[in-house]
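Reader: I would like a close look at one part of this protein. Please keep it brisk.

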Amino acid sequence: MYKLLKTEGRAKRGELTTVHGTVQTPVFMNVGTVGAIKGAVSTDDLKGLKTQIQLSNTYHLHVRTGDKLIKELGGLHKFMVWDQPILTDSGGFQVFSLAGLRKIKEEGVTFRSHIDGHKIFMGPEESMQIQSNLGSTIAMAFDECPSSVAERSYVEASVARTERWLKRCQAEMKRLNSLDDTVNKQQMLFGINQGAIFDDIRIDNAKRIAEWGLDGYAVGGLAVGESHEEMYHVLEQTVPYLPKDKPTYLMGVGTPANILEGVERGIDFFDCVYPSRNGRHGHVYTNKGKINLFNKQFEKDMSPIEEGCGCPACRTYSRAYIRHLLKAKEMLGMRLCVMHNLYFYNNMMEEIRDALDEGRFAEYKKHKLEGMEEYDREKRK
Ligand SMILES: [Zn+2]
């Protein structure tokens, strides 16, 4: 159940109560694609990084290790040893972006596994069955994510099909949640708004699915090549038509600045691979902007990545030492950077929630954005 605690403009401060505990929003979901955060970060580590919820990937877990085996072992929570909420994506995005030779029909999509090339069929029912086997807290509806440069006629037909698929997802989840041997009988379902960059298609779709009583609503198909301005525009147009008393989720977004802009436009949930991917390459976030620890300027820098940061990397180690580890290709260097970045994101979400609680989000956002440009300003001097 979602409770809207406070608003500031369109920004929402809420909490989502689930069978695996309560999530305070706005929240960043830490992306554990195949059941772990890339960068050798354990579930124990995540507890020290202010992580509230993880995201795992239906397609990846289905093609490797397999959801049936994970169900047999007690579900994904037990398998990963994580007792807080998990959201699983539907697999749709990966089917349409990763898998080769796909064929879309009304029933679903036939495609080849990117691991061994074997043929797989996935439609709304299959996606719900896989997510039910994993036993995630929140399942995502199976959708097609049309390209941001797709023709209008293609997008119209795709969105209409995705709506029909959403109805089928709802019916299948209801059936699965009623079965005796289901891992999580209280699994929630989020629907997904699509429509590329066509305002009217997105708005019509949002109005329709808002009536269908889903547990939450995502805005999908953004951050796939359109500009930041186009993304913000779509949010401004679409989010007002999604129910305010349900959580909203902006899929796959984004940079700290994107998140601040998303919160301002009414988004509760975010997920993105940036903090872990950048961390693995020695790029770390600070309140003055992102830095590359491989740079020679940090060779003798005995200060932490960020002064005052409460993460395990900054509490103990210096920029110089982490740089040395990265240069020596020691896994610890990568791990410390990923942990710092996840902490940076999760901590920023906590700051956002505090600011919303105290009615000073607009001021916080302005200050945070200005601060994060400091290194860039210095470089330009
Ligand atoms: Zn840190």
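Which residue in S12 is the bridge partner of Phe190?

Author: This is a predicted model. The partner of Phe190 is Gly216, in S12. Start with that strand. S12 covers residues 216-219.

Now the neighbours. S12 pairs with strand S11, residues 188-193. The pairing is parallel and runs over four bridges. Between these strands comes helix H8, residues 199-210, and S11, H8 and S12 form a right-handed β-α-β unit.

S12 has another partner, strand S13, residues 248-250. This pairing is also parallel, over three bridges. Here Ala218 has Tyr249 of S13 as its bridge partner. The chain gets from S12 to S13 by way of helix H9, residues 228-238. That β-α-β crossover is right-handed too.

Further along the chain there is a zinc ion to look at. Its protein donors are Cys309 (SG), Cys311 (SG), Cys314 (SG) and His340 (ND1). They lie 2.1 to 2.3 Å from the zinc ion. In the chain, the donors follow the spacing C-x1-C-x2-C-x25-H. Two of these residues, Cys311 and Cys314, are buried. The angles among the four donor atoms run from 103 to 113 degrees, and the site is tetrahedral. For comparison, the ideal angle for four tetrahedral donors is 109.5 degrees.

Key
Residues numbered from 1 in each chain as written. Predicted model: local features only at pLDDT ≥ 70, side-chain atom pairs only at ≥ 80, totals over all residues. Heavy atoms only, no water. Donors = N, O, S within 2.8 Å, 3.2 Å for Na, K, Ca; no water. Tetrahedral: all angles 85-135°; square planar, octahedral: opposite > 155°, others 65-115°. Buried < 20%, exposed > 50% of the residue type's maximum accessible area, 1.4 Å probe, protein only. Helix = DSSP H or I, 4+ residues; strand = E, 2+ residues; numbered from the N terminus. Pairing = 2+ DSSP bridges. Right-handed = clockwise from strand over helix to strand, strands pointing away.
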